[in-house]
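Dear colleague,

Please find below the structure that I am handing over to you, with its sequence. My notes on selected parts of it follow.

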Amino acid sequence: MADHIPPPRGEYPNPVDLRPYWLGLNGPWEFSLDPRNEGEFQHWWRQPRLSAANTPPFDRTITVPFPWESRLSGIAERTYSGVAWYRRTITLPPSWHERGLHPHLHFGAVDWEARLWVNGRLAGEHTGGYSSFSFNLASFVASDEPLTLTLRVRDNTEAAALTGKQVPNWYTYSSGMWQPVWLDARPADHLVRLDLRPSLAGASITATAILHISHPGAFTLTVSSPDAAFLAVRQQLTLTTGVHASPVALTIFHPHAWSPDDPHLYRISVTLTGPNGTADTLESYTGLRDIATAAWDGRPYQYILLNGEPLYLRGALDQAFHPDGIYAYPSDEVIRNDIASAKAAGLNFLRCHIKINDPRYYYWADRLGLLIMQDVPNPSLSTPAARRSWEDCLRSTLERDGNHPSIFSWVLFNETWGLTEHDSPASWEWLSSWVTKTKELDPTRLVEDNSPCNWDHVRTDINSWHFYINDWRQAREHIAHVVAHTYSGSPFNYVASRSSAPEAQRYRQGNEPLINSEYAGISARSGDRDISQSLKYLTTLLRAHDKICGYVYTELTDVEWEHNGLLEYNRLPKSFGYDAFVEGMSLADILGPDVIGCDAPPIQTCAPGTTVQLPLFISHWSGRDLTDCQLHWRLELTDRFGGHFVVRDGTLAPTVQRYTVTTLPPLNLSLPKVAGLATLTLRLISASGTVLTRNYVNFEVFSAPAPRAERSPSGWLVRCAPTDVLSSSWPLPRSTLGGEQIVAAGRCHVDYRFPWPAGVGAGYVKGLRLQLELATAAAQERSTPWGGKQPGIPQTEPQHTVPGAVEISLGDVPLGTVALLDDPNDARGILSFLRSNGEHSSYGTLVQVPVPSSALPAVLTRAHEANALQLTLSTLDVARARGFTLYGERAGAYPVDPMLFIDLED
């Protein structure tokens, strides 16, 4: 690799432990796989040396810090599991030796076992794929002599190791170095780290300096504020050889709380000065924020409080994988953009899922203002060795990441994975004890024992549960059931409900805050499908209950073969299509702090003229003033001819209470007396005229299929159904959605027949025009290349369309070629969603094709001769033929069949 190419991830790796002297070691390392595990026996840490097969080790180059399975590593060995070796020779900056500084080598994370040699001498070893570790290399340095670092890594992803989702039935492994590696320089007497415990209520920060003292003596510890936020504190310490903890109380002059809306940070500098005047300095930061659980406003259940006020947690599961780096991020910008994307979607937190992430992830969450619920990675078995690994990982995570104000909760286990003895009192007691120990180690955060899908909490600060349901009625009943069974003393969702053992009855609900910690309509193995509908209605259902104070949508981004993300796996946006129904509506209207909702299915079929009673509510959790706000509603209709108009509208003046759900009087809505697709739009507007939030529900207004022929204001129109195929070059165009759609793939032609209305002479016709809802038939071309193709119709991705074209003829007279932009699938395809029982929301473009005046006589001659007109849709001769999808009146986005308008002379 050329020297002028900057190394990847060149930023300082851990901003809460910022050192003045450091050297990044990301970039090219020599590399060798060792499938026969012969390197140690053949002393590969010595050099030069040939293997027994006379093949030199270190014959490849890997780019660090990317796991060897990843594309960015340059190795991309996705199926290899076992031993590998890294080697790099470095020269330390001369100034370090001149200042008498000791080099410390830091590894962000190496999966799973690591053993280091320096210049052929064993320097140390480490086990654990998620924990950071370091080695003091002072004893290996001789003046300006180069250092050769040789690292042996073994990763077999064993069941007793902490694996998260790096297992065969989930996602690709991330072996070897997958977080940055770097050197820093410190004196022999130095600061190990700084532990910060802020208190907004106390307007203070307790800063505990962890000190490594090599020789006893008198030392000075100084803690200061680069921003003059507090007075500098200086301590005189007499210390013996060893490691010491020295707490310092800092009083903040003008306390400024940290929150997602205002992520204010306090910088802190600490200096240790030794007896000979040698000083070691590090900088860190934190935010003043308090997390607690408590009752609010006299209600019998608790809420999560941030800085003394209720917090509605609006989160997404973040598995933190990337297609190019797998566990490693390609760049710091990608990390920042993930956090920024979550905020832009309206979220205020992420649940970092069974992975201890790169420190800069938490840094950007601190900086941009996003709360983090942090999972501890799990093993697959509960053995003494697995428990020790888990305990070590938890302790190291609390040490490394405890200064981040964004982290508000630790989740010890997920869905009972790794708790293979969790039907026993011994397991319950062990897990309960670790809730206690975790709170002792970190009293500033909430602790959850297990984020459950098996109704098996033991002891927890948060009463959470999971569900994956893709049906509105089932989800509504499920959520209502959970709410009804959540109260102090209830066994529901705790092991007391699952076991008859007397010991189990100790583990029941208190009044812990109720949140959902995983939900979606599309679960991991549900294929590549649209989430726009289920995300909207499931989130609205959750927001309808005052007792629920948060949720975790699954998930922020797609991962390999799992396709339920708000973003694609490569971070490209998905189209949700909400703005087609309510101007300006986006994800933030669904996922934001204030939501207006309607307790009604996302779409239901009603007869024309039906009156429906619609319960409305407002969930208000922002700091915005909703005094004198107004709720504007509007009923719109797209009719069976394709026309769109407003039926009626109105305004309500609700009195909205903060930190709760305000139930509004039901809206009695008379649906149109004509068939079509009706939409009730809802806008909550502030006194100043700002739209605060938006929502909508749809109605299919239908009683019977539209007439095959009928009079229109301009003459006549005739219809056919998509399945009324006269002939086709395709053996059998695939009929779906109850016959309301056909899919003809590739190069094909399909013929239809429009009967000519009786009594309509050619001489009275002044124009003909076709109206069709068409899309390409290329959904599978949008299936992602990672993790194998998944069945389904992928959600619309604006930057990855599959355009096509269809040639149209009427009465054997060519009318030209119509360009089709895509094979879309999002909220706009609401009629397909209804017909498919929520499986997908595909739709097309409403295409208008007039018959040119020059071709009109020939077309009318064909109509007179055959008493009908043949419509031919063909992709036989178009470039990149992708076939087509044709929709009928009860599928797609428009309630229209393929139609021929016959305009008559006045």
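**Findings**

Thr208 lies in strand 14 (residues 204–213); helices (H or I, at least four residues) and strands (E, at least two) are DSSP runs, numbered from the N terminus. This is a predicted model, in which local features need pLDDT of at least 70 and side-chain atom pairs count only at pLDDT 80 or more, while totals for chains, interfaces and linings use all residues. Residues are numbered from 1 along each chain as its sequence is written, and side-chain values use heavy atoms, with hydrogens and water left out.

Thr208 has a relative accessible area of 18% and is therefore buried (buried means under 20% relative accessible area, exposed over 50%, partly exposed in between, with a 1.4 Å probe and protein chains only). Leaving aside neighbours within four places in sequence, Thr208 is in contact (heavy atoms within 4.5 Å) with Arg193, Leu194, Asp195, Ala245, Ser246 and Pro247.

Phe467, in strand 30 (residues 463–468), is likewise a buried residue, with a relative accessible area of 4%. With neighbours within four places in sequence again set aside, the contacts of Phe467 include His478, Ile479, Leu538 and Leu542. Glu518 is another of these contacts; Phe467 and Glu518 are 51 residues apart in sequence, yet their C-alpha atoms are 6.3 Å apart in space.

Turning to the helices, the axes of helix 2 (residues 332–344) and helix 3 (residues 359–368) come within 9 Å and cross at roughly 45°. Axes are lines fitted to C-alpha atoms, for helices over the stretch in contact, and angles run from 0 to 180 degrees between N-to-C directions. Helix 2 and helix 3 are therefore oblique to each other, given that angles under 35 degrees count as roughly parallel, over 145 as roughly antiparallel, 65 to 115 as roughly perpendicular and the rest as oblique. On the helix 2 side, the contact is made by Asp332, Ile335, Arg336, Ile339, Ala340 and Lys343, and on the helix 3 side by Arg360, Tyr361, Trp364, Ala365 and Leu368.

Finally, five strands form an open sheet of mixed pairing, in the order 34-40-39-36-37 (two strands pair if DSSP finds at least two bridges between them). Strand 34 (603–606) and strand 37 (644–652) are the edge strands, each pairing on one side only. From one strand to the next, the twist averages 20°. Strand 36 (residues 630–639) pairs with strand 37 in the antiparallel sense over eight bridges, and His632 stands opposite Thr651 in strand 37.

With kind regards
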